[in-house]
Amino acid sequence: MANLLSTGISGLNAAQVALNTVGNNITNAGTDGYSREVVRQAERVAPPSNRFTVGNGVDVVAVERAYSSYLTSAVWSSNANLSRATTYNDLATTLNSMLSASGDLQGALDNFYGAFDTVANASAAGDTSARQALLGNASTVASVFTTLGAQLDSQQKQINGQITNTVKSINTTLDNIASLNRKIHDSLGSGTPNALLDQRDALVNSLSGYLGVTAVSEADGTYSVYSSSGQSLVSGSHAFKLSTGSDTYDTARVNVLDSSGGDITSRISGGSLGALLDYRSNVLDSAQNRLGQAAIGLATSVNAQQGKGLDLNGQLGKPIFALPAPQALPAASNAGTATVAAQVTDVAALDSADYTLRYDGSAWSMTTTGGQPVALTTNPDGSLSGAGLTLAVSGAAQAGDSFRIQPTRNAASGLTVSLTDPSGIAAAAALQSKAASANTGSSAVSSLQVTDASNPALLTGVTVAFPTAGTYTLTDAGGIVLGSGAYTAGQTLSANGWSLTLSGAPAAGDSFAISANSNGLNDNANALALAGLADTGVLAGGSRSVIDNYTLLTTEIGNAGSQAASNLTTQTSLHGQAMSAQQAVSGVNLDEEAANLVKYQQAYQASAQVISTAQSIFSSLLAAVQR
């Protein structure tokens, strides 16, 4: 009789635990991170008898989470990828919007180059209206460049702030995971703390949204959490917090440091933090450099051609644009006193890369920030040349000192118009040529080009004579011979910063006079040359015009945005699949729980009936004994 009663009571208790568990599942059906709980029951072991064994009831062994560590880890991984894709797409979309909202650079460049044609076609050389309009177009171009540059600078600052805030959120999450580790460890002796385990998993999932992580379950019930690149983030009840600090070269740039102060910026991947760092290095920096490269190409080519012509005052043209000097940023760890001044000396060889200049104690070397070596040559004055740059080192460097060279980074935001006088536009060619009236050969000047506008003797008269059909002499007004030698048809002759090419064949005694352009007020040759720069390759070894370079920039940014949007679509789908698989195991199915509710309710009622039956039998026995 006692066995029947205890069996009924055990069933009643087990059904009550099961009903409470089902009720908890139903009430938490909408709770994020909740894992469905399952009651594990086991038959009580009955004492042995001589002939047979009758069961002795049921025990609740455990209330466990319906949980798969594999599927949960898959959710964390997909969440890191989705968060990265979302953040990257948001940044790329913002950049594309900036590009379209900051002015029509393509149109501004077209109008600027076209204004030189207008100056060349002006009916009166003294009419300054076309020249004034050209300077207005130059100001518009510079304004669009500086506006775009300022927008990109602004996004750099925003990303710095986002990195700082994200690291703060990461550290808060790490502290909370460490705290839960301690609570879970302390409570294991009194049962499995399912709610705490769910909370910890939810925190790890939240952490994976900031950066890629893995969590290893330890024997003492705690998690050891690592970043995807191996940094320890949580061990037991201790959190190894991240921090932010200035880049070793650029104090305005925020980098990420590990708990010991080491810079781990380049090692972080996944999550929103990985997206911020990846986007900054591979998209935003490149966009700033490409835009700056276009600004340098514009200013350098226009100023160079402007310097090869004469203005309305009969003077060689002064620069139209001004640019900031390339940056040479010393490393914070430099021990020497060396400083570096950088200058763009070959715009055709100038790339959109940044460089690192290092001193090993005996010689300097340079690489791109991606690690590609760059050839350096030492000039007679001790300066270094490479990648279109000339680097002048002063002071004493120590072994291990380094500098970050940024030739193009701030060029767009620093572009200005330096010419304010319309009469200063050098529309006329600087030089003219005149064949002697007594010439008998078939030669004529096919090209007269200024090659070095800085030559002080550029405008000094020179006579090109051919004593014989196969020899030449170059003589200045004072009778000094500047050059002589054998001559072949089509040969280029040079002196005083200019070069001359003749067509046809000169006869013995033929000569040509090279002098300053006395027809400057009515000449438009240099204005036409300036207009022609719109289609002239001045960058990438002479293969790409300034307009082409801007088109390349818009294409690169557009591709980055398109790839980001496509990746977001893919990662959204993958995360949905991972969540579905995980929820199929751990999620609450209300239909299933409703069925369980009925099942355990009936079990409870049946167990109560067993107890009632035991009581009736016992009462009957007592009544029989009393008779």
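## A loop alanine with positive phi

Ala-540 is partly exposed, with 29% relative accessible area, where partly exposed covers the range between buried, under 20% relative accessible area, and exposed, over 50% (1.4 Å probe, protein chains only). This alanine sits in the loop between helix 7 (525–531) and helix 8 (546–586), helices (H or I, at least four residues) and strands (E, at least two) being DSSP runs numbered from the N terminus. The phi of Ala-540 is near 55 degrees, a positive value in a residue other than glycine.

A positive phi near 55 degrees is also found at Ala-387, again in a residue other than glycine. Ala-387 belongs to the loop between strand 17 (384–386) and strand 18 (389–394), and with 19% relative accessibility it counts as buried.

## Basis of the description

The model is predicted, so local features need pLDDT of at least 70 and side-chain atom pairs count only at pLDDT 80 or more, while totals for chains, interfaces and linings use all residues. Residues are numbered from 1 along each chain as its sequence is written, and side-chain values use heavy atoms, with hydrogens and water left out.

## Helix 2 against helix 6

The axes of helix 2 (residues 69–101) and helix 6 (residues 271–306) come within 8 Å and cross at roughly 30 degrees; axes here are lines fitted to C-alpha atoms, for helices over the stretch in contact, and angles run from 0 to 180 degrees between N-to-C directions. The crossing of helix 2 with helix 6 is right-handed, a term used if the near helix is turned clockwise from the far one by less than a right angle.

Residues of helix 2 that meet helix 6 include Arg-84, Thr-87, Tyr-88 and Leu-91, and those on the helix 6 side include Ala-275, Asp-278, Tyr-279 and Val-283, contact meaning heavy atoms within 4.5 Å. By class, this contact has 10 nonpolar, 4 polar and 2 charged residues, with Ala, Val, Leu, Ile, Met, Phe, Trp, Tyr, Cys and Pro counted as nonpolar, Asp, Glu, Lys and Arg as charged, and the others, Gly among them, as polar.

## Aromatic pairs

The model has 9 aromatic pairs, counted where rings of Phe, Tyr and Trp (its six-membered ring) have centres within 6.5 Å; planes under 30 degrees apart are stacked, over 60 edge-to-face and the rest tilted. One of them is the edge-to-face pair of Tyr-88 and Tyr-279, at 5.7 Å centre to centre and with 90 degrees between the planes. Because Tyr-88 lies in helix 2 and Tyr-279 in helix 6, the pair ties together parts that are 191 residues apart in sequence. Both Tyr-88 and Tyr-279 are buried.

Phe-112 and Tyr-113 form a tilted pair, since their ring centres are 5.6 Å apart and their planes stand at 55 degrees. Phe-112 is buried at 0% relative accessibility, and Tyr-113 is buried at 2%. Ring pairs link Phe-112 and Tyr-113 with Phe-116 and Phe-321 into a cluster.

An open sheet is formed by 5 strands in the order 22-29-24-25-26, with antiparallel pairing, where two strands pair if DSSP finds at least two bridges between them. Strand 22 (431–435) and strand 26 (481–486) are the edge strands, each pairing on one side only, and the twist averages 15 degrees from one strand to the next.

Strand 24 (residues 462–465) and strand 29 (residues 511–516) pair over 4 bridges in the antiparallel sense, and Thr-463 stands opposite Ala-513 in strand 29. Strand 25 (residues 471–476) pairs with strand 26 over 5 bridges, also antiparallel, and Thr-471 stands opposite Ala-486 in strand 26. The hairpin of strand 25 and strand 26 has 4 residues between the strands, and in it Gly-479 takes a positive phi near 85 degrees.
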